[in-house]
Amino acid sequence: MQKLKTGDQNLVKQMNKSIVFHTIQKKGPISRAQISKLTGLNKATVSTMVSEMIDESFVYEIEATQSSGGRKPVMLYFNNHAGYSIGIDLGVNYILGLLTDLNGNIIEEVSQDLTTIQYGDVKQQLYAVIQTLINKAPDSPYGVIGIGIGVPGNINHEETIILAPNLKWEHKDLKTEVQNEFYIPVKIQNEANSGAIGEHIYGAGRNISNLIYVSIGIGIGTGIIIQGNLYTGTSGISGEMGHFTIDANGRKCRCGNNGCWELYASENALLEHAKKQKVLEETNAITLKQLSTEAQMGNKKVLQVLHTLGENIGIGLTNIINTFNPQMIIIGNRLSQFSSWISNPIHNVLDERLSYYHKENTDINFSILGKHSIALGAASISISHFFKENKLENE
Ligand SMILES: [Zn+2]
């Protein structure tokens, strides 16, 4: 029999440890014997891994008080307070920051309006938000384990911001700058990808392997989860579905293409259409909040504009469903607040345009994490990175 090389043994050990860790994290409180039974690992291996994780403060044990006779079982728990993560949603006109435990439970929230998009000023405001959250972190063995930031723009595999059009930023190495400021690992991801991960881990898309998160805000971006993993493309900038063509002869988009989906189905499209239709008497600066209030009061012009928006969203979703055959589509970001008015027109368009098979097999949902999906996703990217660094999760 061939002897295992040291490298292989380490790999086997690491895989076993991550299996035991995930079992405690997902099924805890659980006993050593139950873990052994569930995973097929022998009891000695389970005990060794558990002892290691108790020493590292990732797991703790409590003797059960009730017992049906015989020895009292000792139950193992994942220590979700071993450290804390920071998740930031860097919007175009706001910063939302969350401090979470290692299970994504929100401990603190800080929200600020951004009055400028000037890089240096935004960075200072971002630092202040991060510092506030660090100050609020309870004492713990690992402290703040990471900072995740969701940014509305193209992020490459090195996590450099290549282009954030609405912020007018190009080639910014925000990751290194924040890391040098706080000496805490930083992960940067595109906002739609962060939202997709947030919903996949904590929200509407839990246990769904194939899902597309459609972030409808000022523009439209999408996050693609395939077989449980985020798909980011060759250079990290996949998911720009806001720029596929839905009207070949449509007007010019800032991306260079004509008739892009986001010209008809985004927040900007909604506000422009509302202005054109003179839905309010004072039409100079219509806001989403006004439209929401008016829709609730039954303003017919506003309802008509929202109906058209829903139909236009449905046309784009038809393309996505035909391409990916996802189990679920999750509509998130600011326009998801209009779900009660746009849901029916979306479904009508899908009914008209999709083949029977696709209609039967795709769920259309709205984000359940709401305004937190991007920041929670960003926090979870940092948690996952921390677990990998500590050999609790495989690469
Ligand atoms: Zn475009």
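How many residues lie between strand 3 and strand 4 in the hairpin that they form? There are three residues between these two strands. The model is predicted.

- Strand 3 spans residues 84-90, and seven of its seven residues are buried, so the strand is largely enclosed by the rest of the structure.
- On one side of strand 3, the buried residues are Y84, I86, I88 and L90.

**Pairing of strand 3**
- Strand 4 (residues 94-100) runs antiparallel to strand 3, and six bridges join the two.
- G87 has L98 of strand 4 as its bridge partner.
- Strand 6 (residues 144-151) pairs with strand 3 in the parallel sense, over six bridges.
- S85 has G146 of strand 6 as its bridge partner.

**The zinc site**
- Four residues coordinate the zinc ion at 2.0 to 2.3 Å: H243 through ND1, and C253, C255 and C260 through SG.
- The site is tetrahedral, with angles of 102 to 119° among the four donor atoms.
- For comparison, the ideal angle for four tetrahedral donors is 109.5 degrees.
- Along the chain, the donors of the zinc ion have the spacing H-x9-C-x1-C-x4-C.
- H243 and C255 are 12 residues apart, each in the loop between strand 13 (229-231) and helix 7 (262-265).

- H243 has 16% relative accessibility, and because the cut-off for buried is under 20%, H243 counts as buried.
- C255, at 41% relative accessibility, counts as partly exposed.

Methods: Residues numbered from 1 in each chain as written. Predicted model: local features only at pLDDT ≥ 70, side-chain atom pairs only at ≥ 80, totals over all residues. Heavy atoms only, no water. Buried < 20%, exposed > 50% of the residue type's maximum accessible area, 1.4 Å probe, protein only. Helix = DSSP H or I, 4+ residues; strand = E, 2+ residues; numbered from the N terminus. Pairing = 2+ DSSP bridges. Donors = N, O, S within 2.8 Å, 3.2 Å for Na, K, Ca; no water. Tetrahedral: all angles 85-135°; square planar, octahedral: opposite > 155°, others 65-115°.
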